[in-house]
Amino acid sequence: MEYYFGIVGNQEINGLDKQIFGEYYGSAIMGNSFSGDSGTIGGMHATIRMMGANRQIISNNSFSNFRDPNSGGWITFRVNGDTGNADGYPPGYSIISENDMSCAGYACLGVSPSNPSNSGDHVTEVIIESNWFRLDGANGQWPIPVNLDTRYTDFRNNIVNFSGSSGKTGVICDIDGNNPGPCDHVRFYNNTFYSSDATFTGIDLGGATNSIIKNNIFYGPNRTSGSNVANGSGNVVSNNTCGTGTSNNCVGNITTNPSLAGPLSTTAGFKPGGGSYAIGAGTNIPVWSDFFGTSSLSATGPRDLGAVQH
């Protein structure tokens, strides 16, 4: 295991597979640019794979051009639990924030056990906030921006643009499905999910339990089928855009533009404008800033829906 490992400050790292790989404790990867190439290696691979990762900060990085048209799967950034960790540190207690993840292949981000069928091999207490997830060419693979199989995780203030991934999902929780956990107590607060495709699902909870989904925008101007929130049990879903799976205290409609500023090729374009159904439609939650770090949000006053406050 590596202790207090760091790559910080405008490093440009290029390559195809496992640019960073290993077990890490108390590490930081911040302010770097990672890019792939057009090579072909096949199989399931990851640009960064952190096994048994504990107390990590992964922030302000950019990831681009990761694809393998002949690969069985590709995850740009992967954090895994590992019960075989000889040091005995539980994986998790990490922050993944303010990254720009452009990906193709399987997923932009995967946080899951190394062995999903082992309920003890889990990742816990992770904050995933203010990231921009977007697809960069589907290549006929399974492009899903985020795969989670975690416990007690906050997924908040993220922008997920998965246009070009028809029939797919923005976030899948409990990706393996063999175990009813460890995807448990995951909180989805104030995210914006957007797709220009006709068929898609915003969040698929799979077998997840005890999750909270509040104050999220789901926007698909061309959507004809799919769900905003699908599956799961014992979950609380309220104050989101109306659509299949989000009927409790919902507002607007999945196909109605919440008056976003545009263009949606930029993060600033996801700010709701005057008259938006998203303004003041949220409920109070323990999040006090938005995607851009706006910190003037009231702990008790009305909140907007989505990652960017008006």
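**Strands, core and rings**

Guide: E10 and E13 run parallel and are joined by four bridges. This is a predicted model, in which local features need pLDDT of at least 70, side-chain atom pairs count only at pLDDT 80 or more, and totals for chains, interfaces and linings use all residues. Residues are numbered from 1 along each chain as its sequence is written, and side-chain values use heavy atoms, with hydrogens and water left out.

Visitor: What makes E10 and E13 a pair?
Guide: Two strands pair if DSSP finds at least two bridges between them. E10 and E13 have four, so they pass. One spot to look at is Ser102, which stands opposite Arg134 in E13. Strand E7 (residues 62-64) also runs parallel to E10, with two bridges, and there Ser62 has Asp100 as its bridge partner.

Visitor: What counts as a strand, and how many does the protein have?
Guide: Strands (E, at least two residues) and helices (H or I, at least four) are DSSP runs, numbered from the N terminus. On that basis the protein has 24 strands and zero helices.

Visitor: Why is Met101 called buried?
Guide: Buried means under 20% relative accessible area, exposed means over 50%, and partly exposed is in between (1.4 Å probe, protein chains only). Met101 has a relative accessible area of 1%, so it is buried. This residue lies in strand E10, and its C-alpha atom is 8.3 Å from that of Leu135, 34 residues apart along the chain. Across the protein, 55% of the 310 residues count as buried.

Visitor: Why do you say strand E15 is largely enclosed?
Guide: Five of the seven residues of strand E15 (residues 150-156) are buried, so the rest of the structure largely encloses it. E15 runs parallel to E12, with six bridges between them, and Glu129 stands opposite Arg156 in E15. E15 also pairs with E18 in the parallel sense, over five bridges; there Thr153 stands opposite Val186 in E18.

Visitor: What makes something a nonpolar core, and which residues stand out in the largest one?
Guide: A nonpolar core is a set of buried Ala, Val, Leu, Ile, Met, Phe, Trp, Tyr and Cys residues joined through side-chain atoms within 4.5 Å. The largest has 35 residues, and Ile128, Phe133, Leu148, Phe155 and Phe188 touch the most other members. Among the strands that each supply at least two residues of this core are E12 (123-129), E13 (132-135) and E18 (184-189). A second, separate core has 15 residues, including Ile159, Leu260, Tyr277 and Ala307.

Visitor: What does Ile128 contact?
Guide: Contact means heavy atoms within 4.5 Å. Leaving aside its neighbours within four places in sequence, Ile128 is in contact with residues including Ile96, Leu109, Val111, Phe133, Leu148 and Phe155. As for the whole protein, residues 24 or more positions apart account for 74% of the contacts with a separation of 6 or more.

Visitor: How do you know whether Phe133 and Phe155 are stacked or edge-to-face?
Guide: Rings of Phe, Tyr and Trp (its six-membered ring) pair if their centres lie within 6.5 Å; planes under 30 degrees apart count as stacked, over 60 as edge-to-face and the rest as tilted. By this rule the count is seven aromatic pairs. Phe133 and Phe155 are 6.2 Å centre to centre with 15 degrees between the planes, so they are stacked. This pair links distant parts of the chain, with Phe133 in strand E13 and Phe155 in strand E15, 22 residues apart.

Visitor: And what about Phe155 and Phe188?
Guide: Phe155 and Phe188 are 5.6 Å centre to centre, with 55 degrees between the planes, so that pair is tilted. Phe133, Phe155 and Phe188 form one aromatic cluster. Phe133 counts as buried because its relative accessibility is 0%, Phe155 counts as buried at 0%, and so does Phe188 at 0%.

Visitor: What makes Cys242 and Cys250 a disulfide?
Guide: A disulfide is a pair of cysteine sulfur atoms within 2.5 Å. The sulfur atoms of Cys242 and Cys250 are 2.1 Å apart, so they form one, and the count comes to one disulfide. The torsion about their S-S bond is about 95 degrees, so the disulfide is right-handed.

Visitor: Are those cysteines buried or exposed, or in between?
Guide: Cys242 counts as buried because its relative accessibility is 15%, while Cys250 is partly exposed, with a relative accessible area of 22%.
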